[in-house]
Amino acid sequence: MTTATQVARSIDARGMPCPGPLMSLIGAIRQGVVGDVIEVLSSDEGSKTDIPAWLKKSGHELVEVTEEDGFARFVVRKVR
Amino acid sequence: MEPDNTVSLVLFSGTDDKLQAAAVLTVGAAVMGRKVNVFLQYWALDALRADRVMKDHGVSPEAGEDGFRAMHDQGKTHWSELFRQSKDLGEVRLFACADSMEMFHITKDDLDPLVDGVWGVASFFAEADGPVTFI
């Protein structure tokens, strides 16, 4: 768990094929407000490169990535 | 995000696997800020008729039985929905090839609303400022 940040929304995208988890994250970012912290759980290998690439392009912050058992957990902050 | 260089896709094949792959490329390009123009010819255009979009369009011959099953078992988002999402998220336009329209004797009204209009091939190239991908 992140201690410094409160997760506003958690998306369990495990089992979703590429680009599902990224699309779910984009949807949540669009619906959220600036400062929101969003967590995405993804078992899709593509997410490991796609989510950081999209965040870099779109200017949102990747707070943390952790490898769990069979999936990755991305913590993201909506910046703008 | 300002769109940078345009992605130009020509879709010819109308099987679900190729349309799926094309829709994934489109959505990826759109979310990364690329403008996408999709030109629909022959069987891809046929698959985008309003009354046919959700039908089973089969898969490419190389898929075989196992490939067909693998594709359907994964619970993929339908390619038409991916195109819809890509239009919502970025600057994506789909155009019907005027020649293919004539071949099928159809008009814009026969097509799914995903299709923005009808283009001659020169119009497509007028907007294609980089490589063209043919699927």
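**From a helix to the whole model**

I begin with the buried residues of helix α1 of chain B: D16(B), K18(B), L19(B), A22(B), A23(B), T26(B), V27(B), G28(B), A29(B), A30(B) and V31(B). Please bear in mind throughout that this is a predicted model.

The helix itself covers residues 16-31 of chain B, 16 residues in total. From the first C-alpha to the last, α1(B) reaches 22 Å, close to the 22 Å expected at 1.5 Å a residue. In general, an α-helix has 3.6 residues a turn, so residues three or four places apart point the same way. After α1(B) comes G33(B), and the phi of G33(B) is positive, near 85 degrees.

Chain B contains six helices and five strands. Read from the N terminus, their order is β-α-β-α-α-α-β-α-β-α-β. The C-alpha trace of chain B spans about 40 × 35 × 25 Å along its principal axes. How does the radius of gyration of chain B agree with that of a compact globule? A compact globule of 135 residues would have a radius of gyration near 14 Å, and chain B has 14 Å, which agrees. Of those 135 residues, 30% count as buried. Among the contacts in chain B with a separation of 6 or more, 79% are between residues 24 or more positions apart.

I turn now to chain A. Its secondary structure comes to two helices and four strands, in the order β-α-β-α-β-β from the N terminus. The C-alpha atoms of chain A fill a box of roughly 30 × 25 × 20 Å along the principal axes. For 80 residues, a compact globule would have a radius of gyration near 12 Å; chain A has 11 Å, which agrees. Buried residues make up 31% of the 80 residues in chain A. Residues 24 or more positions apart provide 63% of the chain A contacts with a separation of 6 or more.

The next topic is the sheet of chain A. In which order do the four strands form the open sheet? The order is β1-β2-β4-β3 in chain A, and the pairing is mixed. At the edges are β1 (7-12) and β3 (61-67) of chain A, each of which pairs on one side only. From one strand to the next, the twist averages 15 degrees.

β1(A) and β2(A) run parallel and are joined by five bridges; here S10(A) stands opposite E39(A) in β2(A). By contrast, strand β2 (residues 37-42) and strand β4 (residues 72-77) of chain A pair in the antiparallel sense, over six bridges. In β4(A), V76(A) is the bridge partner of I38(A).

Both helices of chain A meet these strands. α1(A) packs on the sheet, touching β1, β2 and β4 of chain A, and its direction makes about 165 degrees with that of β2(A). α2(A) lies across β2, β3 and β4 of chain A and runs at about 5 degrees to β4(A).

Strand β2(A) is mostly covered, with five of its six residues buried. I38(A) lies in this strand. Why does I38(A) count as buried? I38(A) has 22 other C-beta atoms within 10 Å, and a residue is buried if 20 or more lie within that distance. Leaving aside residues up to four places away in sequence, I38(A) touches A8(A), R9(A), I11(A), L25(A), A28(A), I29(A), G32(A), V76(A) and K78(A). One of these, A28(A), is 10 residues from I38(A) along the chain, and their C-alpha atoms are separated by 7.5 Å.

Finally, I come to the contact between the chains. How many residues does the contact take from chain A and from chain B? Chain A contributes nine residues and chain B contributes 13 residues. On the side of chain A that touches chain B, α1 (20-31) and α2 (45-58) of chain A each supply at least two residues. α1(A) gives the most to that side, with four residues. By class, the side of chain A that touches chain B has six nonpolar, two polar and one charged residues.

Thank you for your attention.

Definitions and conventions:
Residues numbered from 1 in each chain as written. Chains lettered and ligands numbered in written order. Predicted model: local features only at pLDDT ≥ 70, side-chain atom pairs only at ≥ 80, totals over all residues. Expected span 1.5 Å × (residues − 1). Buried ≥ 20, exposed ≤ 12 C-beta atoms within 10 Å, placed from the backbone. Contact = placed C-beta atoms within 7 Å. Nonpolar A, V, L, I, M, F, W, Y, C, P; charged D, E, K, R; others polar. Rg over C-alpha atoms; globule rule 2.2 N^0.38 Å. Pairing = 2+ DSSP bridges. Axes fitted to C-alpha atoms, helices over the stretch in contact; angles between N-to-C directions.
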